[in-house]
Amino acid sequence: DEICEVFKVYIIKRGNNLLENKEISMKTQTFVPELINLQKEIKDLVSNCFEGDQKFHKAKNDAFAEFMKIKSKFYSRQIAYYVDFCMRNEFKGKEEEVVEATLEEIIQLFKNLSEKYLFQSEAQKKMSDRLLKNKYLSIEIEKQFVQKLKQENGSDFVQKMVTMLEDVETSKKEMEKYKESSSSRGYPSGIKFDVLVISNNSWEVDMKRLTNFKLPKILAIFT
């Protein structure tokens, strides 16, 4: 028990050192990967030096939860932002095994968050934005991560995310049907035409972007 306490103090100190290093902590793309590397290092220590003893596993988890709780909002946002970065850029060209391992490491960090619903809120906003702008790399990877969140925190926690992904897939199928059935093949009067039908109350849409929206004259006659 005494060794576990010393081990826990050591982990908390390492975590605080990361946070205090402004060159690392000011950038999501560097901070969260360093946090993941620390998590891996401590996990290996438990496996190799303490034969995977459950007391040391618990000490590891308690230590991460403790130092992450000090700035809980910061950690919740940083991890949500890193998920967005991965879904937009980082996973491009990566092997399935690498993606799976990274998602699992993110989930392990998520487990230690004290403000999981802040993470949920930020993750939903980021997902909504990249799906609306078609800035995501793979719908399958998106679904893979949502499934992991569901396993960890239940179906209610991810309901909006699930609906967003379903909307994207349904809209794509409907557009394909339209293109196959229309004489214009999806280009009425030579105009590229694409529609995303979204469910009310499930998407995070910035209404300020729509207040000044004006239809072109050629379309306004149909309203």
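Student: What is the source of the model?

Tutor: This is a predicted model, where local features need pLDDT of at least 70, side-chain atom pairs count only at pLDDT 80 or more, and totals for chains, interfaces and linings use all residues. Residues are numbered from 1 along each chain as its sequence is written, and side-chain values use heavy atoms, with hydrogens and water left out.

Student: Which residues of H5 make the contact with H4?

Tutor: Contact means heavy atoms within 4.5 Å. H4 brings Phe67, Met68, Lys69 and Ile70. From H5 come Ser72, Tyr75 and Ile79.

Student: Is Met68 buried or exposed?

Tutor: Met68 is found in helix H4. Buried means under 20% relative accessible area, exposed over 50%, partly exposed in between (1.4 Å probe, protein chains only). At 2% relative accessibility, Met68 is therefore buried.

Student: What does Met68 contact beyond its neighbours within four places in sequence?

Tutor: From H5, Tyr75 and Ile79 meet H4. Leaving those sequence neighbours aside, the contacts of Met68 are Tyr75, Ile79, Leu109, Asn112 and Leu113.

Student: How are H7 and H9 oriented to each other?

Tutor: Their axes lie 10 Å apart, and H7 and H9 pack at an angle of about 10 degrees. H7 and H9 are therefore roughly parallel to each other.

Student: Which helix gives the most to the lining of the largest pocket?

Tutor: The largest pocket holds about 820 Å³ of space. A pocket is an open set of points on a 1 Å grid over the protein atoms alone, where a 1.4 Å probe fits, with protein on both sides within 12 Å along at least five of seven lines; lining residues have an atom within 4 Å of a point. Helices H7 (116-132), H9 (159-181) and H10 (208-211) are the elements that give two or more residues to its lining. With 6 residues, the most comes from H9.

Notes. Points joined across faces, edges and corners; volume = space filled by probe spheres on them. Helix = DSSP H or I, 4+ residues; strand = E, 2+ residues; numbered from the N terminus. Axes fitted to C-alpha atoms, helices over the stretch in contact; angles between N-to-C directions. Parallel < 35°, antiparallel > 145°, perpendicular 65-115°, else oblique.
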